[in-house]
Amino acid sequence: MLTSRRVVLRSLAASAATGLAVPATPRRFSGVIGFDPDRSTMGESLIRLDHNENPYGPSRKVLDAIQGAMESVNRYPVAGYGELRERIAHLHGVKPQQILLGCGSTDVLRMAAFAFLAGGKQLIQASPTFEAIESYAQRSGAEVVSVRLAPGFAHDLERMSARTSAAPALVYICNPNNPTASLNPREDLEAFIGKLPVSAYVVIDEAYHHYAGQSGMYASFVDRPVDNQRVIVTRTFSAVYGLAALRLGYAVASPDVVRAMGRFAGEDNINGIVMQAALAALDDIDAVNDFVRQNADDRQEFFNQAMARAMKPIDSHANFVMMNTYHPAEDVIEHFRKNGVLIGRSFPAMNTYIRVSLGRPEEMRRFWQAWDALPYPKHTMQH
Ligand SMILES: Cc1ncc(COP(=O)(O)O)c(C=O)c1O
């Protein structure tokens with residue numbers, strides 16, 4: 001039994017090593033990328049532009065760390081949680097007691113909902129936005145108040161403020177927002193938070209933080225905190241770090257808030273492989289910079305292609321783009337699927353818009369080929 005498990009592990013390690021052995025230096029990278037450029041499409045007929053993942057990640061160093069961690073998967077990762085927590089705290093210049101790890105940031109959002117929304121409290125959120133917290137709010141018996149995005153696609157902070165009563169509530173701000181990739185300027189958010197009643201907690205979901213960094217409008221609430229003990233910032237390892245499958249996210253908040261949310265954390269909810277992967281990912285700053293640069297190039301190219309077709313996507317501050325097709329999104333999504341390209345799901349509040357995660361250049365060429373094959377007269381798709 002033991003022997004056969006070792007054999008399986010060895011053969012897993014060998015196949016991972018085979019994947020790594022293929023030279024992988026896409027033109028604009030400095031050799032840090034671990035993926036074979038063709039791996040994202042290898043053996044799969046569908047192009048995945050549907051979940052806002054990093055199509056280039058994780059980095060080679062992170063893949064090496066994952067392979068190393070496989071040697072000790074028979075052991076509980078006893079020291080790992082504390083080590084990772086300290087590393088993230090050090091990164092952000094806060095105390096370890098201010099960091100709460102989760103099995104993906106979705107898990108951290110669940111803990112926030114369970115800690116602060118139970119017993120009929122209010123969740124105030126934008127519409128459309130990332131839906132995870134809404135589903136957890138419903139499970140906690142909360143009332144969900146959804147406020148349509150403002151005409152420029154940012155959160156309508158004035159209307160959200162007006163809907164926040166003096167009763168205890170949780171406000172969810174996704175910045176940049178999924179699915180629109182839009183930003184609310186930092187100063188507007190600060191003014192909004194300053195006006196919230198003292199009974200309100202606010203979650204600022206910075207899942208796409210690294211991709212927004214280039215905008216002068218943006219400053220993270222971890223890097224530049226405000227003096228408010230009820231602000232909870234969430235981050236994920238699923239986006240720029242390229243670790244979506246391994247499930248790791250975290251919250252940065254006051255020790256009291258971390259304690260309150262931590263009551264809803266599962267025992268040993270972080271696995272030993274992702275702990276090592278995350279430590280390596282945080283150290284591999286060159287890789288993060290390369291991923292961000294590559295995404296900026298891919299995003300620019302998307303806008304060039306869209307504009308060449310007289311389309312005007314919503315300004316994007318993330319690794320995905322949303323645009324109006326002026327046709328039912330469900331039909332457009334189905335057309336892409338039939339043409340071998342998966343794009344984001346439809347969003348009822350914006351039901352003629354599609355959300356496209358940026359893929360590798362060769363994948364995006366397939367996207368535009370499928371776009372050009374849409375069976376709609378082109379003039380009905382333009383502004
Ligand atoms: C805004 C936002 N927050 C959180 C998540 C979930 O991240 P995780 O994979 O860490 O659960 C996503 C994933 O799409 C997202 O778009």
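This is a predicted model: local features need pLDDT of at least 70, side-chain atom pairs count only at pLDDT 80 or more; totals for chains, interfaces and linings use all residues.
Seven strands build an open sheet: the count is 7, and the pairing is mixed. Read across, the order is S2-S8-S7-S6-S5-S3-S4. Strand S2 (99-102) and strand S4 (143-148) are the edge strands. Each of these two pairs on one side only. From one strand to the next, the twist averages 20°.

S2 and strand S8 (residues 249-252) run antiparallel, and 4 bridges join them. Gly 102 has Gly 249, in S8, as its bridge partner.

## Helices on the sheet

Helix H4 (residues 105-116) packs on the sheet. H4 touches S2, strand S5 (169-174), strand S6 (200-205), strand S7 (231-236) and S8. The direction of H4 makes about 115° with that of S2.

Helix H5 (residues 132-139) lies across another set of strands: strand S3 (122-127), S4 and S5. H5 runs at about 155° to S3.

## Helices H11 and H13

Helix H11 (residues 285-308) packs with helix H13 (residues 361-372). The angle is about 20°, and the axes are 11 Å apart. Angles under 35 degrees count as roughly parallel, so H11 is roughly parallel to H13. Their crossing is right-handed.

On the H11 side, the contact involves Gln 294, Asp 298, Phe 302, Gln 305 and Ala 306. On the H13 side, they meet Pro 361, Met 364, Phe 367 and Trp 368. By class, this contact of H11 with H13 has 6 nonpolar, 2 polar and 1 charged residues.

## Helices H2 and H10

Helix H2 (residues 60-69) and helix H10 (residues 272-283) form another pair, with axes that come within 8 Å. The two cross at roughly 150°. Angles over 145 degrees count as roughly antiparallel, so H2 is roughly antiparallel to H10. The crossing of H2 and H10 is right-handed.

H2 brings Lys 61, Val 62, Ala 65, Ile 66 and Ala 69 to the contact. H10 meets them with Gly 272, Ile 273, Gln 276, Ala 277, Ala 280 and Ala 281. Here the residues divide into 8 nonpolar, 2 polar and 1 charged.

Conventions
Residues are numbered from 1 along each chain as its sequence is written. Side-chain values use heavy atoms; hydrogens and water are left out. Two strands pair if DSSP finds at least two bridges between them. Axes are lines fitted to C-alpha atoms, for helices over the stretch in contact, and angles run from 0 to 180 degrees between N-to-C directions. Contact means heavy atoms within 4.5 Å. Angles under 35 degrees count as roughly parallel, over 145 as roughly antiparallel, 65 to 115 as roughly perpendicular and the rest as oblique. A crossing is left-handed if the near helix is turned anticlockwise from the far one by less than a right angle, and right-handed if clockwise. Ala, Val, Leu, Ile, Met, Phe, Trp, Tyr, Cys and Pro count as nonpolar, Asp, Glu, Lys and Arg as charged, and the others, Gly among them, as polar.
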